[in-house]
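Work through the exercises below with the sequence and the 3D structure at hand. Each task is followed by a solution in steps.

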Amino acid sequence: MSAQTGSLAPSSVALDRRHRHARALRVSFVLAVLVVLVSAVSLTLGDAGVAPSDVLAALVGRADRLTSFVILDLRLPRLLAAVLVGACLGLSGALFQSVARNPLASPDIIGITTSAAATGAIALVWFGITGLALSGVVLAGTLVAAVLIYLLAWRNGVSGYRFVLVGIGFAAVCAGVVSYVLTRADLRDVQQALVWITGSLNSVDSTSLAVLAVSAVVLIPAALLVGRPLAALGLGDDLAAGIGVRPERTRILSVGVGVALAAVAVSVAGPIAFVALLAAPVARRLVGRGSLALVPAALVGALVLVLSDVVAQFAVPGVVFPVGVVTGIVGAPYLLWQLTRTNRVGRGG
């Protein structure tokens with residue numbers, strides 16, 4: 001009887017794994033369809049309304065010159081930036097939350113995007129750096145900040161609770177740096193920096209979009225590759241090491257990829273709040289517990305940002321808000337709910 005039970009256990013585990021994988025595929029497919037539909041609708045909106053058939057004609061190169069200019073030169077770059085930035089932030093949040101095993105450990109809570117904002121504000125206001133150079137400076141500054149946060153949180157390993165607390169403290173320091181830079185700068189420089197710090201897709205150009213696209217092509221597969229050993233850490237470090245996974249190496253690689261994803265997104269659109277915090281928990285609820293849900297998290301991030309940008313552009317006629325204003329309005333109540341929930345189950349501060 002016991003032998004029969006022992007033979008059934010592995011098959012039930014394999015069956016559960018296949019069920020979760022199939023569910024993740026279905027969820028990813030539905031989310032991808034939603035992203036495409038919302039994106040298609042967003043291309044038809046605006047003062048110069050374009051019919052869906054004309055949008056399709058512009059995409060295949062058969063529209064007139066004006067329609068092609070509106071779709072291909074004005075709207076499509078912004079839309080592609082929203083999709084890629086949202087996907088990068090969603091993946092980054094999923095990696096950080098999985099490493100820390102804490103739903104509050106997202107880049108915008110633990111100081112990653114705030115350090116990017118501080119680096120970007122200094123580069124923009126004091127040195128006038130923009131474009132590709134700004135992306136490189138923000139990435140370098142964010143990597144340095146992430147190393148500092150990781151080292152400060154290290155004590156015979158990294159616990160999620162300590163990681164979050166150290167990150168929140170580091171975020172407060174970086175916020176102070178941003179405030180100091182803005183108060184000491186020229187008013188015209190401050191206006192440009194404030195829009196960027198709030199999080200905006202208004203100034204996306206071909207250079208920044210190219211940097212974002214190339215970075216996403218490299219970093220998104222890297223995140224998916226590191227996801228397999230990272231999932232094994234859910235079994236515990238000892239069991240994960242027993243099946244050939246190096247726990248600390250996996251954590252460092254995951255944090256590195258997560259930092260790079262967040263830094264690239266911030267360098268293009270500024271520190272857009274709460275997308276990274278929201279995406280992974282929503283994706284895991286859709287897929288089910290026990291899954292990292294990296295691909296669904298990326299798609300949820302893309303969907304949230306595209307929807308938020310549509311609201312930012314068209315909610316108030318004649319006014320285009322920075323997209324970070326919309327994500328902040330949506331994300332702040334979720335953060336409060338998550339704080340009360342984590343405190344209830346003993347994982348919060």
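Angles under 35 degrees count as roughly parallel, over 145 as roughly antiparallel, 65 to 115 as roughly perpendicular, and the rest as oblique. This is a predicted model, in which local features need pLDDT of at least 70 and side-chain atom pairs count only at pLDDT 80 or more, while totals for chains, interfaces and linings use all residues. Residues are numbered from 1 along each chain as its sequence is written, and side-chain values use heavy atoms, with hydrogens and water left out.

**Exercise 1.** Determine how H3 and H8 are oriented to each other.

Step 1. Helices are DSSP runs of H or I with at least four residues, numbered from the N terminus. H3 covers residues 65-100 and H8 covers residues 206-232.

Step 2. Axes are lines fitted to C-alpha atoms over the stretch in contact, and angles run from 0 to 180 degrees between N-to-C directions. The angle between H3 and H8 is about 25°, and their axes are 10 Å apart.

Step 3. H3 and H8 are therefore roughly parallel to each other.

Step 4. Contact means heavy atoms within 4.5 Å. Residues of H3 that meet H8 include Pro77, Leu80 and Cys88, and those of H8 include Leu209, Ala216 and Ile220.

Step 5. Ala, Val, Leu, Ile, Met, Phe, Trp, Tyr, Cys and Pro count as nonpolar, Asp, Glu, Lys and Arg as charged, and the others, Gly among them, as polar. The contact of H3 with H8 has 17 nonpolar residues, one polar and no charged.

**Exercise 2.** Determine how H3 and H12 are oriented, and what kinds of residues form their contact.

Step 1. The axes of H3 and H12 cross at roughly 135° and come within 7 Å.

Step 2. That angle makes H3 oblique to H12.

Step 3. On the H3 side the contact includes Arg78, Gly86 and Gly90, and on the H12 side Gly301, Asp309 and Gln313.

Step 4. The residues of this contact of H3 with H12 divide into 14 nonpolar, four polar and two charged.

**Exercise 3.** Find how many residues of H12 are buried.

Step 1. Buried means under 20% relative accessible area, exposed over 50%, and partly exposed in between (1.4 Å probe, protein chains only).

Step 2. Of the 21 residues in H12, 15 are buried, so the helix is mostly covered.

Conventions
Helices (H or I, at least four residues) and strands (E, at least two) are DSSP runs, numbered from the N terminus.
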